[in-house]
Amino acid sequence: MLSEVLLVSAPGKVILHGEHAVVHGKVALAVALNLRTFLRLQPHSNGKVGLNLPNIGIKRAWDVAKLQMLDTSFLKQGDVTALTPEQVEKLKEVAGFPEDCADHEHLAVLSFLYLYLSVCQSQSLDVTVWSELPTGAGLGSSAAYSVCLAAALLTACKEIPNPLKDGEAASRPPALKILLINTKVPRSTKALVAGVRSRLLKFPEIVAPLLTSIDAISLECERVLGEMAAAPAPEHYLVLEELIDMNQHHLNALGVGHASLDRLCQVTMAHGLHSKLTGAGGGGCGITLLRPDLERPEVEAVKQALTSCGFDCWETSIGAPGVSIHTATSLDAPVRQALDGL
């Protein structure tokens with residue numbers, strides 16, 4: 001077990017192109033989003049294992065000795081990649097939750113307990129996880145949380161070598177600056193996927209070509225990003241903007257648009273910028289490409305216009321590093337303060 005504090009982060013994700021089409025066997029482009037989830041693991045010897053999730057107001061602790069006395073053989077039964085309902089119920093007993101609990105806050109605790117009991121259940125430690133990612137927005141917040149937990153526990157218990165460290169090079173697509181906008185309109189991914197399938201069955205000769213066209217957009221975007229990785233040029237951004245516009249129209253034709261997303265696209269287009277939904281649609285999030293030649297006042301103006309619509313807006317980038325280990329000095333002060341519980 002490591003003796004020093006361990007700091008780990010993992011990125012969120014957005015889908016550039018291919019949402020919904022991917023359900024029907026087409027290509028999708030998913031990229032790392034540089035809004036990150038951060039984890040601080042502090043080994044100690046007080047006989048406790050603690051979990052602190054300040055984003056959702058959870059703070060829990062368990063006695064390591066009591067956890068060791070539990071029969072955890074149920075964790076090793078069957079397919080370890082997917083817990084059975086019976087295994088989940090037993091984890092709830094360990095956590096002290098009622099049987100009918102199912103919200104994401106309880107699931108976050110159960111995920112931690114499952115990984116802790118599976119990897120290093122005899123260790124005394126405190127784990128704090130804080131995220132820049134909004135939950136339930138289709139941006140990979142659950143995956144980033146789980147990756148941070150797994151990477152930190154496996155690294156701390158010396159089951160794996162350290163993940164990517166600060167400043168280490170990685171083979172990634174070129175970083176593109178974007179605005180990420182959350183319309184805050186709730187939607188059901190399941191219902192939207194079912195709607196596209198229904199439309200495909202009803203109008204196969206119309207919808208199937210749309211899915212094929214989205215596939216071609218994904219492949220063309222992949223080709224352009226490959227060229228940009230070697231030598232980015234202004235023409236590349238013009239092509240990316242065209243692809244964004246075409247895909248957004250296709251997604252509207254598939255029936256997964258929403259008035260809030262139309263408004264998002266109208267606002268950004270008024271500032272000469274190009275946007276599309278990302279993820280399931282029907283509300284949720286959209287992305288806006290920021291060309292390198294944009295002046296700061298232009299960016300601030302479009303951000304203000306989007307905020308005035310009631311949307312949440314982040315200026316960030318895609319093509320970010322994957323799971324990483326950090327030094328304390330490399331983290332921004334707000335991240336350090338959140339992880340230190342200040």
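Buried residues are those under 20% relative accessible area, with exposed over 50% and partly exposed in between (1.4 Å probe, protein chains only). The model is predicted: local features need pLDDT of at least 70, side-chain atom pairs count only at pLDDT 80 or more, and totals for chains, interfaces and linings use all residues. Residues are numbered from 1 along each chain as its sequence is written, and side-chain values use heavy atoms, with hydrogens and water left out.

**View A. Helix α6 and its buried residues.** Helix α6 comprises 27 residues, 204–230; helices (H or I, at least four residues) and strands (E, at least two) are DSSP runs numbered from the N terminus. Its buried residues include V207, L210, D215, C221 and M228. Among the elements covering them are β1 (6–17), β7 (176–182) and α7 (234–253), where contact means heavy atoms within 4.5 Å.

**View B. The largest cavity.** On a 1 Å grid over the protein atoms alone, a cavity is a set of points where a 1.4 Å probe fits but cannot get out, a pocket is an open set with protein on both sides within 12 Å along at least five of seven lines, and lining residues have an atom within 4 Å of a point. The volume of the largest cavity, about 90 Å³, is the space filled by probe spheres set on the points, which are joined across faces, edges and corners. C221 and H17 are among its lining residues, and β1, β7, α7 and β9 (285–289) each supply at least two.

**View C. The largest pocket.** This pocket has a volume of about 440 Å³. Of its 22 lining residues, A108, T135, S141, S142 and Y145 are the closest to its centre.

Key:
Expected span 1.5 Å × (residues − 1).
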